[in-house]
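Student: I have a structure to look through for the first time, and I would like to know what lies behind the words used to describe it. Could we go through them one at a time?

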Amino acid sequence: MDFQSTNNNLYKQYDLTHSKHFKLYWSFISDVDITIKCARCSREREGLEVRCPSCSGPFRLTVEGEFSRELRRNFPYVTKWVSLGEWNTPLIFMDGYYMKLDFLNPTGSYKDRGSVTLISRLHQAGLTRISEDSSGNAGASIAAYGAQAGMRVSVFVPTSAKGQKIRQIEAYGAQVTRIEGSRNDVAKAAENSANYFASHVWQPEFRDGIRSLAYEIVRDLGWRKPDTVFLPTSAGTLLLGVYEGFKHLLSSGIIDAMPTLIAVQTEQVSPVHCTLKGIRYTPPEKVTSIADALVSTNPTLLDEMVTALKECGDSVTVSETEIIQAHNELEKKGLLVEYSSATALAAAKKYVKKGVTNVLVLTGNGLKTL
Ligand SMILES: [Zn+2]
């Protein structure tokens with residue numbers, strides 16, 4: 001427990017989802033309930049604790065009860081949505097693959113699915129000042145939803161961060177603070193700031209919001225399950241969120257088996273792939289991959305990702321050349337996505353068995369990296 005957050009103690013009083021009145025209220029209008037426990041030691045979360053005070057582990061939100069085709073009802077802890085019009089992105093069929101165009105969300109990435117649930121929850125709890133550490137899509141998304149909620153958002157980034165994604169974060173009015181040191185030092189600074197740490201990695205309501213992606217894929221396939229889903233994988237929010245969504249559809253009898261979830265990583269940043277396959281992973285001194293959203297060489301949620309993949313998944317790595325080829329191919333079909341998103345197509349071309357329903361999640365908008 002090297003840096004226990006002051007956030008934990010500060011925000012214990014903000015308890016909404018577990019109050020008796022709240023549960024009673026929801027039992028009238030929704031059959032879905034949630035529990036939030038430490039993923040490592042199963043201790044129940046109190047209020048808005050950021051991480052488990054017993055073991056420093058991440059919290060995991062588990063959904064119980066019947067899936068509702070009215071999708072918002074599957075998120076019972078949100079009573080007032082801070083929305084920018086996210087969700088319901090197109091699922092198109094092209095060259096043998098279903099492509100989920102999730103880069104068409106309001107801030108240009110799938111992260112809006114996590115921001116809408118997390119920021120709505122924090123806004124309901126009365127929080128007005130939040131911090132986040134991300135120089136990329138998550139930072140922009142939290143900044144936009146925080147702005148919509150009228151919050152003061154502080155985003156911590158490494159001194160090396162530059163480019164359009166930083167400008168996007170600033171455009172939404174967030175305060176950007178540059179921190180000297182490692183990626184971990186940036187995270188510590190964000191967590192130990194005076195603001196509540198609205199981390200896209202640590203906050204269970206962020207990861208949980210990604211469930212909506214699994215629901216939409218199954219709905220748009222005519223309530224059928226896909227066989228294989230290709231997911232660019234870095235910190236684990238996409239993989240674990242989608243996993244929970246499919247689990248919920250399975251437990252509710254909407255689908256009869258889990259699809260195979262493929263974690264796609266670059267050759268440079270492949271800790272999940274290597275751990276799953278029992279290969280020793282040595283991160284590069286500096287990540288230089290063109291897939292600049294896939295940078296987690298030592299992800300906090302590694303154990304959780306590997307456990308999910310052992311149950312119903314697999315992994316594949318792609319080279320820089322393969323990423324560039326896939327990216328160019330998408331561009332020439334009219335789809336301008338980030339290089340990090342093109343990894344899904346690069347992986348599918350290497351992995352696919354014919355005649356199965358393959359879904360590629362295209363996560364980030366290419367306008368951000370032009
Ligand atoms: Zn714990």
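Student: At what angle do the axes of helix H4 and helix H5 cross, and within what distance do they come?

Tutor: Bear in mind that this is a predicted model. In it, the axes of helix H4 (residues 137-148) and helix H5 (residues 164-171) cross at roughly 10° and come within 8 Å. Angles under 35 degrees count as roughly parallel, so H4 is called roughly parallel to H5.

Student: Which residues of H4 and H5 meet?

Tutor: From H4 there are Asn137, Gly139, Ala140 and Ala143, and these meet Lys165, Gln168 and Ile169 in H5.

Student: Why are H9 and H11 called oblique to each other?

Tutor: Helix H9 (residues 237-251) and helix H11 (residues 302-312) pack at an angle of about 45°, with their axes 10 Å apart. Roughly parallel would need an angle under 35 degrees, and roughly perpendicular would need 65 to 115, so H9 and H11 are oblique. Their crossing is left-handed, and the residues that meet are Leu239, Leu240, Tyr243 and Lys247 in H9 and Glu304, Met305, Ala308, Leu309, Glu311 and Cys312 in H11.

Student: What makes the site of the zinc ion tetrahedral?

Tutor: The zinc ion is coordinated by the SG atoms of Cys38, Cys41, Cys52 and Cys55, at 2.2 to 2.4 Å. The angles among these four donor atoms are 99 to 119°, and four donors count as tetrahedral if all angles lie between 85 and 135 degrees, so the site is called tetrahedral. Along the sequence, the spacing of the donor residues is C-x2-C-x10-C-x2-C.

Student: How do you know whether Cys38 is buried or exposed, and how does one class Cys41?

Tutor: Buried means under 20% relative accessible area, exposed means over 50%, and partly exposed lies in between. Cys38 has 3% relative accessibility and therefore counts as buried, whereas Cys41, at 37%, counts as partly exposed.

Student: What makes Thr233 buried, and where is Thr233 found?

Tutor: Thr233 is found in the loop between strand S9 (228-232) and H9, and at 2% relative accessibility it is under 20%, so it counts as buried. Leaving out neighbours within four places in sequence, its contacts include Leu239, Ala263, Val264 and Met305. Thr233 and Ile262 are 29 residues apart in sequence, and their C-alpha atoms are 8.9 Å apart in space.

Technical notes
Residues are numbered from 1 along each chain as its sequence is written. This is a predicted model: local features need pLDDT of at least 70, side-chain atom pairs count only at pLDDT 80 or more; totals for chains, interfaces and linings use all residues. Side-chain values use heavy atoms; hydrogens and water are left out. Donors are N, O and S atoms within 2.8 Å of the metal (3.2 Å for Na, K and Ca); water is not among the atoms, so sites may look incomplete. Four donors count as tetrahedral if all angles lie between 85 and 135 degrees; four count as square planar and six as octahedral if opposite donors are over 155 degrees apart and all others between 65 and 115; anything else is irregular. Buried means under 20% relative accessible area, exposed over 50%, partly exposed in between (1.4 Å probe, protein chains only). Axes are lines fitted to C-alpha atoms, for helices over the stretch in contact, and angles run from 0 to 180 degrees between N-to-C directions. Helices (H or I, at least four residues) and strands (E, at least two) are DSSP runs, numbered from the N terminus. Angles under 35 degrees count as roughly parallel, over 145 as roughly antiparallel, 65 to 115 as roughly perpendicular and the rest as oblique. A crossing is left-handed if the near helix is turned anticlockwise from the far one by less than a right angle, and right-handed if clockwise. Contact means heavy atoms within 4.5 Å.
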